[in-house]
Amino acid sequence: MAVCIAVLTKDNSPLYIASDPAEDGLKMHFLVHTSIDVIEEKLNSATAANDPRDLYLGQLYPNEDYRIYGYVTNTKIKIVVIESITNPFKDGDARQVFSKVHSGYISLVCNPFYSPGDTITSQPFLNTVTSLMRGKAIA
């Protein structure tokens with residue numbers, strides 16, 4: 001189950017960070033920001049083995065309590081999902097979580113009242129992320 005979902009701009013500034021209230025919010029922010037270095041490293045070392053069209057970066061690095069996964073859109077928007085080791089994703093669920101967050105972000109950007117780069121406050125996007133963090137939207 002996801003304990004934190006973050007959306008970052010191509011310049012690595014946060015558009016949206018949501019974390020489980022039971023978790024330490026500051027620690028989640030720290031883990032998201034430390035994952036940026038790993039994402040940048042993976043993007044810069046794209047080789048023939050790593051398909052540059054594959055948006056899913058996989059597990060960025062494990063921690064003693066969490067697993068951090070990354071995803072980068074074609075426009076270099078970064079999505080980071082942190083899951084708890086005690087309640088991990090099933091096989092393939094991480095890709096589904098990223099797909100749903102990405103779809104929610106696309107819907108948000110298509111809204112004429114949203115200005116790209118602004119903090120995300122859209123209720124449909126917030127509902128999508130909340131349901132993913134509760135584990136209800138993965139099926």
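Is Cys110 buried or exposed? With a relative accessible area of 61%, Cys110 is exposed, where exposed means over 50% relative accessible area, buried under 20% and partly exposed in between (1.4 Å probe, protein chains only). Cys4, by contrast, counts as buried because its relative accessibility is 0%. The structure holds 0 disulfides, a disulfide being a pair of cysteine sulfur atoms within 2.5 Å.

The model is predicted: local features need pLDDT of at least 70 and side-chain atom pairs count only at pLDDT 80 or more, while totals for chains, interfaces and linings use all residues. Residues are numbered from 1 along each chain as its sequence is written, and side-chain values use heavy atoms, with hydrogens and water left out.

Helices (H or I, at least four residues) and strands (E, at least two) are DSSP runs, numbered from the N terminus.

In α1, the buried residues are Met28, Leu31, Val32, Ser35, Ile36 and Ile39. An α-helix has 3.6 residues a turn, so residues three or four places apart point the same way. The buried residues of α1 pack against β1, β2, β3, β4 and β5, contact meaning heavy atoms within 4.5 Å.

In α2, Asp93, Ala94, Val97, Phe98, Val101, His102, Gly104, Tyr105 and Leu108 are buried. Their packing partners are the strands β1 (2–8), β2 (14–19), β3 (56–62), β4 (66–72) and β5 (78–84), together with helix α3 (123–134).

**Packing of α2 with α3**

The axes of α2 and α3 come within 9 Å and cross at roughly 170°; axes are lines fitted to C-alpha atoms, for helices over the stretch in contact, and angles run from 0 to 180 degrees between N-to-C directions. α2 is therefore roughly antiparallel to α3, a term for angles over 145 degrees. Val97, Lys100, Val101, Gly104 and Tyr105 of α2 make the contact with Phe125, Thr128 and Leu132 of α3. By class, this contact of α2 with α3 has 5 nonpolar, 2 polar and 1 charged residues. Here Ala, Val, Leu, Ile, Met, Phe, Trp, Tyr, Cys and Pro count as nonpolar, Asp, Glu, Lys and Arg as charged, and the others, Gly among them, as polar.

**A loop residue**

Asn63 lies in the loop between β3 and β4 and counts as buried at 18% relative accessibility. Not counting residues up to four places away in sequence, Asn63 touches Leu31, Ile68 and Ile85.

Terms used: Angles under 35 degrees count as roughly parallel, over 145 as roughly antiparallel, 65 to 115 as roughly perpendicular and the rest as oblique.
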